[in-house]
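The following exercises ask the reader to work from coordinates to a structural description. Each task is followed by a solution set out in steps.

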Amino acid sequence: MRNIAPTFALALALCCGAVANAQDELQADLADLEDSTQGDVIVVKGQKQNPMAIVREVRAISASTDGQLARFQQPICPLVHGLASSYSQQIATRIRALAKVAGLRVAKDGCKANLTLIVTSSGQEFIETLRSDRPELLAALGPAKYRALRDSAGPVWSWQSTEPKRADGGPVQYVSELEIGPGAPPLPLSKGAYQVPGARLSRLSEPTRQDVNLSFVVIDRDSLVGLTLQQIGDFFGLVGLTGARFSQTDKLSTPSILKLFNDKADGLTPQDGATEFDIAYLKARYSGAPNKSSTQESKAIAISILQDVGRRND
């Protein structure tokens, strides 16, 4: 997959004009909210966890790419577009704090964004415009996943651009055709097919891993009314860092900031910020070797969450 980061700034300039026009209204909505951001300190509320529910919920929200759970390997550089600078900075602070909790490196000021929140008057229109003007930013999805993203009712749309790597981080070898044997014509392969020469097959691990190059979260402006910057920052951070599937967050029975917009829509009181489950899930997503199958890793994540929560509640 091509490195598409350099083109994103131009895509924002082309597609986010409506965001800038609506910014004053959103600032007015947020001006009366108390800033609950606590710098680099993440505070969680303890909750009892049901083991079987944790396993089901981890599987539901964890999106896989080619049968693996993708991770950031590069330092995290958050960008918030469509809010006043002061709000953007405070939300970015929350994201950096969450990244540190996960054990990830955080990029210095002036870095090139690889985790981007876009606040817009219409997420669907933004995505359609992005598809028209900068289709490469959505190319990682493929036609079916793009249609599912575009047709989602929102108010959140998210996706990641990933790249397959060897288990050791080296590049894979892309191939366009497969040699069948002597005298037989080669078999054409689909675009993006790759192989890992010399790879050793194992039931315990895969010869590849999936690296996240870019992560995007698009949010409808109106859905943010009544929320705090801590809630927005923690939700964005969890979704952006883990690639959690927003379409599945309504299945969570565990208290979670990932249910922020579900709770709000249902008239329930959302969590103030990242919960014990959220922090344990985030840490587990970035623990252990990255070259396991999504099935193996989901099980390991569930076990890690239960162990982490158990230690906290002892």
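## Exercise 1: An exposed loop residue

Aspartate 66 counts as exposed, because its relative accessibility is 57% and the exposed class begins over 50%. The model under study is a predicted one.

**Task.** Locate aspartate 66 in the chain and describe its phi angle.

**Solution.** 
Step 1. Aspartate 66 is placed in the loop that runs between helix H3 (51-61) and S1.
Step 2. Its phi is positive, at about 50°, although the residue is not a glycine.
Step 3. For comparison, most residues other than glycine have a negative phi.

## Exercise 2: A peptide bond

**Task.** Determine whether the peptide bond from glycine 154 to proline 155 is cis or trans, and state where proline 155 lies.

**Solution.** 
Step 1. Omega for the bond from glycine 154 to proline 155 is near 10°, and the bond is cis.
Step 2. Proline 155 belongs to the loop between H6 and S4.

## Exercise 3: The largest pocket

**Task.** Characterise the largest pocket by its volume, its lining residues and the elements that supply them.

**Solution.** 
Step 1. The volume of the largest pocket is about 1300 Å³.
Step 2. Its lining comprises 48 residues, and those nearest the centre are Thr65, Ala140, Leu141, Lys145 and Gln160.
Step 3. At least two lining residues come from each of helix H6 (142-151), strand S4 (156-166), strand S9 (208-220) and helix H7 (229-242). The largest share, 8 residues, is that of S4.
Step 4. By residue class, the lining holds 24 nonpolar, 17 polar and 7 charged residues.
Step 5. Leucine 141 is classed as buried because its relative accessibility, 15%, falls under the 20% limit.
Step 6. Leucine 141 and glutamine 160 are 19 residues apart along the chain, and their C-alpha atoms are separated by 8.2 Å.

## Exercise 4: Salt bridges

**Task.** How many salt bridges does a search of the whole structure find, and which parts of the chain does the pair of arginine 71 and glutamate 297 link?

**Solution.** 
Step 1. The search returns 7 salt bridges.
Step 2. In one of them, the side chains of arginine 71 and glutamate 297 meet at 2.8 Å, N to O. This pair links distant parts of the chain, 226 residues apart, with arginine 71 in strand S1 (residues 71-72) and glutamate 297 in helix H10 (residues 294-313).
Step 3. Arginine 71 is buried, at 5% relative accessibility, and glutamate 297 is buried at 3%.
Step 4. A salt bridge also joins the side chains of aspartate 151 and arginine 150, with an N to O distance of 2.9 Å. Arginine 150 is partly exposed, with a relative accessibility of 25%.
Step 5. Aspartate 211 and lysine 165 form a salt bridge whose closest N and O atoms are 3.6 Å apart. Aspartate 211 is in strand S9 and lysine 165 in strand S4, so the pair ties together parts that are 46 residues apart in sequence.
Step 6. Both aspartate 211 and lysine 165 are buried. A network of salt bridges links Lys165, Arg209 and Asp211.

## Exercise 5: Surface and interior

**Task.** Which residues form a nonpolar patch on the surface, and is phenylalanine 277 buried or exposed?

**Solution.** 
Step 1. The patch consists of Leu178, Ile180, Leu187 and Leu189, which together have about 330 Å² of accessible area.
Step 2. Leucine 189 lies in the loop between strand S7 (187-188) and strand S8 (194-195), and its relative accessible area of 30% makes it partly exposed.
Step 3. Glycine 192 is also in the loop between S7 and S8, and is partly exposed at 43% relative accessibility. Its C-alpha atom is separated by 7.6 Å from that of valine 175, 17 residues apart along the chain.
Step 4. Phenylalanine 277, by contrast, is buried, with a relative accessible area of 1%. Phenylalanine 277 is part of helix H9 (residues 276-285).
Step 5. From C-alpha to C-alpha, phenylalanine 277 and serine 256 are 6.6 Å apart in space, and they are 21 residues apart in sequence.

Note on methods: Residues are numbered from 1 along each chain as its sequence is written. This is a predicted model: local features need pLDDT of at least 70, side-chain atom pairs count only at pLDDT 80 or more; totals for chains, interfaces and linings use all residues. Side-chain values use heavy atoms; hydrogens and water are left out. On a 1 Å grid over the protein atoms alone, a cavity is a set of points where a 1.4 Å probe fits but cannot get out, and a pocket is an open set with protein on both sides within 12 Å along at least five of seven lines; lining residues have an atom within 4 Å of a point. Grid points are joined across faces, edges and corners, and a volume is the space filled by probe spheres set on the points. Helices (H or I, at least four residues) and strands (E, at least two) are DSSP runs, numbered from the N terminus. Ala, Val, Leu, Ile, Met, Phe, Trp, Tyr, Cys and Pro count as nonpolar, Asp, Glu, Lys and Arg as charged, and the others, Gly among them, as polar. Patches are made of residues with over 30% relative accessible area and no salt bridge: like charges are joined within 9 Å, nonpolar side chains (Val, Leu, Ile, Met, Phe, Trp, Tyr) within 5 Å. Accessible areas come from the Shrake-Rupley method with a 1.4 Å probe; for residues, only the protein chains shown count as cover. A salt bridge is a side-chain nitrogen of Lys or Arg within 4 Å of a carboxyl oxygen of Asp or Glu. Buried means under 20% relative accessible area, exposed over 50%, partly exposed in between (1.4 Å probe, protein chains only).
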